[in-house]
Amino acid sequence: MNFFDTIDMAPPDPILGLNTAFKEDPRSNKVNLSIGAYKTDDLQPLVLTAVRKAEQQILSQGMDKEYLSQDGNPEYVNRSIKLVFGAEQDNIFGAQAPGGTAGVRLAAEFLAQIGSSVIYIPDPTWANHNQVFARAGLKAELYPYYDAERREFTKSGMVEAIKSIPSGTPILLHACCHNPTGLDPTPADWKEISTAIKSQELLPVFDFAYQGFGRGIDEDATAVRHFLADGHQMLVANSYSKNFGLYGERIGGFYVVASDGEIAERVKSQVMRIIRANYSNPPLHGSRIIAAVLASDALRQEWESELAVMRKRISGMRKALAEGLNAGGSSVDFSFMYKQNGMFSYSGLSKEAVGRLRDEFAIYMPANGRLNVAGLSPKNLDYVVEAIIAVL
Ligand SMILES: Cc1ncc(COP(=O)(O)O)c(C=O)c1O
């Protein structure tokens, strides 16, 4: 018997598939603006000095390689809770997870377990959200987030839509640096959104993958901390892939804010079972690096300044791109890019333009025109500007 002969070929992942195509492209002038990974001015991956120093420290201590418990390294989890929420609280349960994706997946499985069958996600959102929730059995419904005509976040569209979401439904929110639009609600907008979600009795689910890439570590936590102060029960998934440059170490977390400590304990017991049945327990190394950096004043300071350098380089490149396009006589006014935050810029380029950029200029970005600003540098900026103007 042939068990697998009826299996169809799955389509390539919209982002990871592009990365593979980029690697295989023989053209020497190729530019990768697809996957969300930071690159230096020399277009090289960056390992932070604070991370290297923490690794040396870990190595010199000759640590063991025993299993962690299902919820991970306690020192890492406690420090993560402080970083995300501002302080530890009895009613917050946290678990280490293998990356932000696994944090979102744990949220999805936990939601399925408590009886959710639908989650509202922004239109547009990170390409993976849909399938992560679908694989856990949740149908993703869209709420409006982006006004394509004005190229702005639509607060009124979002708040209006919230009013008709059935009570008890989870709603996914990007805590900062919305992927793919780069457009975030203001602190005042978040207050309004929090009030609307509260009065509709929805369950906020934050995806927090870019803390420190927008305006700063604490500034980017405004939404999560405001919701906490507003007394929401909520779920949060976070990632250290970007802000610590630990992409391949797979390190992030999943957090539940319950109404009190006793409920948080029961939640914990259930999340531990979900983890046990998935990957049993998370990997050690990334959690040790982050715990070591956050525990040392000197390393933390070094990390914060390295993060600020990444943030500034990205915003400088975004500005240079918009200025270059406008100065180059583009038919579109790209000043809207100035309002965007974080790693990405939603360029507004059509699917056809994106296809031409790849075919004719070896410039890679997903079909929705979301470009990774961190993949731009003084080395390729002029080339990218000229190519975009040519395909407009
Ligand atoms: C919005 C969002 N959530 C989650 C993730 C996943 O992060 P990780 O690479 O840590 O799994 C990403 C990464 O691109 C993202 O953009």
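A residue is taken as buried if 20 or more other C-beta atoms lie within 10 Å of its own C-beta atom. By this criterion helix H4 is mostly covered, with 13 of its 15 residues buried. The structure is a predicted model.

H4 spans residues 99-113. Gly115 follows H4 and has a positive phi, near 100°.

The secondary structure of the protein comprises 13 helices and 13 strands. The radius of gyration is 21 Å, close to the 21 Å given by the globule rule for 392 residues; the protein is therefore as compact as a globular protein of that length. Along the principal axes, the C-alpha atoms fill a box of roughly 60 × 60 × 55 Å. Of the 392 residues, 45% are buried. Among contacts between residues at least 6 apart in sequence, 74% join residues at least 24 apart.

Helix H2 (residues 49-60) packs against helix H10 (residues 285-295). Their axes come within 9 Å and cross at roughly 105°. H2 is therefore roughly perpendicular to H10. On the H2 side, the contact is made by Ala50, Val51, Ala54, Glu55, Gln57 and Ile58. H10 contributes Arg288, Ile289, Ala292 and Val293. The residues of this contact divide into seven nonpolar, one polar and two charged. In an α-helix there are 3.6 residues a turn, so residues three or four places apart point the same way.

Pro124 lies in the loop between strand E3 (118-123) and helix H5 (129-135). Pro180 is placed in the loop between strand E7 (170-174) and helix H7 (187-199).

The loop between E7 and H7 also holds Cys177. Cys177 is not a glycine, yet its phi is positive, about 50°. Cys177 has 27 other C-beta atoms within 10 Å and is therefore buried. Leu43 is likewise a residue other than glycine with a positive phi, near 65°. Leu43 lies in the loop between strand E1 (31-32) and H2. With 15 C-beta neighbours inside 10 Å, Leu43 counts as partly exposed.

Terms used: Residues are numbered from 1 along each chain as its sequence is written. This is a predicted model: local features need pLDDT of at least 70, side-chain atom pairs count only at pLDDT 80 or more; totals for chains, interfaces and linings use all residues. Helices (H or I, at least four residues) and strands (E, at least two) are DSSP runs, numbered from the N terminus. The radius of gyration is taken over C-alpha atoms; the globule rule is 2.2 Å times the number of residues to the power 0.38. A residue is buried if 20 or more other C-beta atoms lie within 10 Å of its own, exposed if 12 or fewer, and partly exposed in between; C-beta atoms are placed from the backbone. Two residues are in contact if their C-beta atoms, placed from the backbone, lie within 7 Å. Axes are lines fitted to C-alpha atoms, for helices over the stretch in contact, and angles run from 0 to 180 degrees between N-to-C directions. Angles under 35 degrees count as roughly parallel, over 145 as roughly antiparallel, 65 to 115 as roughly perpendicular and the rest as oblique. Ala, Val, Leu, Ile, Met, Phe, Trp, Tyr, Cys and Pro count as nonpolar, Asp, Glu, Lys and Arg as charged, and the others, Gly among them, as polar. The expected span of a helix is 1.5 Å times one less than its number of residues.
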